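I opened the notebook to look up ring contacts, charges over rings and a few residues. My entries follow the order in which I checked them.

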Amino acid sequence: MKNETQKRWGLVLTTAEIWFNRGVDFSNLGKNQEALQAFDKALSIDPNNASVWYNKGIAISKLGLIQDSLDAFNKALSIDPNNANASIWYNKGITLSTLGRSQEAIECFDKALEINPRHVNAWNNKGKEFYHTNNFENAVIAFENALALNPQNADTWYLRGKSLVLLLNFDEGVKSFDNALKIDPNNQDVKKYKNLVLEKSISLIKTSNLIEELLMKSNKVTKKDLPQLTPLERAQAVLKSATNIGDGLTYQGDLSNPKQNNIIKWNFTSLLRSDLKRYQSLQQLLTDDQKEGSIIAKNYFDSGFNYEFLGYHHEAIKVINDGLIFFTSDENAWNNKGVVLGQLGEITEAKVIFNRIISQNPKKIDSILNLCWILNQSEEYDEIQRLCDVVLKIDSNNTIAKKIKLITTINTSIKNNV
């Protein structure tokens with residue numbers, strides 16, 4: 001009689017519920033394998049329980065079985081699609097993100113936000129997906145929605161700042177970094193990127209001023225013809241329109257003293273815009289797939305150019321590689337990949353890339369000089385001299401090749417006398 005009363009009032013748990021609760025307890029204790037076994041017991045009794053499938057998906061994901069986790073979330077949604085809560089869609093989005101399926105992940109985060117517009121983690125992760133797919137405008141919007149709900153998240157301020165910088169909005173980007181540092185004053189990544197942006201914005205302004213000066217000297221424009229923009233706005237316009245940006249040849253030492261005792265340290269890198277416009281102008285040579293791929297690739301390559309100019313080496317290498325999947329023949333993209341690898345210390349791979357470019361286009365001066373920069377890191381002075389001679393045969397007035405040749409002569413002498 002007592003059991004009948006308890007059942008009538010829902011006071012007696014079914015066996016499936018007992019196993020489910022046991023699985024939740026195991027999950028809370030971090031015992032995910034035991035939790036998975038308990039959830040499977042529950043599903044053997046009640047195979048159409050969406051909550052069990054959802055919690056099984058969580059346990060599986062913690063065991064690193066990502067595809068199986070996605071299958072469990074999909075099963076939960078198929079059983080009860082109309083009553084799914086934000087957490088199911090959010091966790092499915094996280095799983096899709098881990099699998100590299102960014103667009104589907106964003107759609108899941110949107111589903112979660114339809115149910116719960118204040119789901120701060122969904123806004124954050126939606127922003128991250130936009131950021132990693134180079135959609136920086138939408139990344140900023142998502143991060144700002146997350147910050148409206150939780151302004152104390154230093155990581156969100158940091159990623160908002162990086163997104164703004166990649167939109168060439170340096171001032172707002174630095175402000176975002178400052179907000180991150182107010183919350184986390186010891187964050188070295190934020191400090192590094194803030195300083196990097198300040199340095200690069202100054203460099204970009206100098207580049208812009210130099211271009212203006214050259215235009216003035218050419219008598220092609222007067223001061224009044226220049227757009228009424230701030231120096232930084234003019235500099236941003238330079239970066240957007242530039243086809244080639246090099247930090248130029250910088251060195252520490254006196255070239256007028258060939259008998260000095262200290263090795264002359266020098267640096268040179270030249271970044272090149274994608275030359276896909278040239279390929280696109282030869283449309284009759286491309287298949288339909290190649291035409292579409294070249295457009296996608298150019299967006300990736302341009303992002304890589306901007307990333308590397310701003311010092312974001314890891315991001316640069318990722319998007320350049322993504323672009324090369326769609327279009328493998330862009331030698332400027334390969335050039336930039338070589339530069340990035342050099343900055344990351346991957347000298348051997350960078351050397352292979354530059355030698356391949358030069359073998360296919362022996363007159364590509366920028367890549368030859370970039371190879372000289374790579375070879376200098378391993379003190380291959382004889383080969384640098386030979387390459388400088390190659391450049392000077394192509395362009396006898398190339399001042400960079402002349403200076404590298406002189407520096408290398410001095411360094412060779414110092415090395416041989418040690």
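In which helix is Asn145 found? I found Asn145 in helix H9, residues 136-149. Helices here are DSSP runs of H or I with at least four residues, strands are runs of E with at least two, and both are numbered from the N terminus.

I noted the ground rules next. The model is predicted, so I kept to its limits: local features need pLDDT of at least 70, side-chain atom pairs count only at pLDDT 80 or more, and totals for chains, interfaces and linings use all residues. Residues are numbered from 1 along each chain as its sequence is written, and side-chain values use heavy atoms, with hydrogens and water left out.

**Asn145**

Is Asn145 buried or exposed, or partly exposed? Asn145 counts as partly exposed because its relative accessibility is 29%. The classes are buried under 20% relative accessible area, exposed over 50% and partly exposed in between, with a 1.4 Å probe and protein chains only. I also looked up Val120: C-alpha to C-alpha, Asn145 and Val120 are 7.9 Å apart in space and 25 residues apart in sequence.

**Aromatic pairs**

I used this rule: rings of Phe, Tyr and Trp (its six-membered ring) pair if their centres lie within 6.5 Å; planes under 30 degrees apart count as stacked, over 60 as edge-to-face and the rest as tilted. The count comes to six aromatic pairs.

Tyr54 and Phe73 have ring centres 5.8 Å apart and planes at 40 degrees, so I logged the pair as tilted. This pair links distant parts of the chain, 19 residues apart: Tyr54 is in helix H4 (residues 50-62) and Phe73 in helix H5 (residues 66-79). Tyr54 is buried at 14% relative accessibility. Phe73 is buried at 1%.

Tyr300 and Phe326 form a stacked pair, 6.0 Å centre to centre with 15 degrees between the planes. Tyr300 lies in helix H15 (residues 288-309) and Phe326 in helix H16 (residues 313-326), so the pair ties together parts 26 residues apart in sequence. Tyr300 is partly exposed at 22%. Phe326 is partly exposed at 38%.

I also found a cluster: ring pairs link Tyr158, Phe177 and Tyr193.

**Charges over rings**

A charge sits over a ring if NZ of Lys or CZ of Arg is within 6 Å of the ring centre and within 35 degrees of the ring normal. The charged end of Lys162 sits over the Tyr193 ring, 4.3 Å from its centre. The charged end of Arg356 sits over the Trp334 ring, 5.0 Å from its centre.

**Leu271**

Leu271 lies in strand E4, residues 270-272. Leu271 is buried, with a relative accessible area of 6%.
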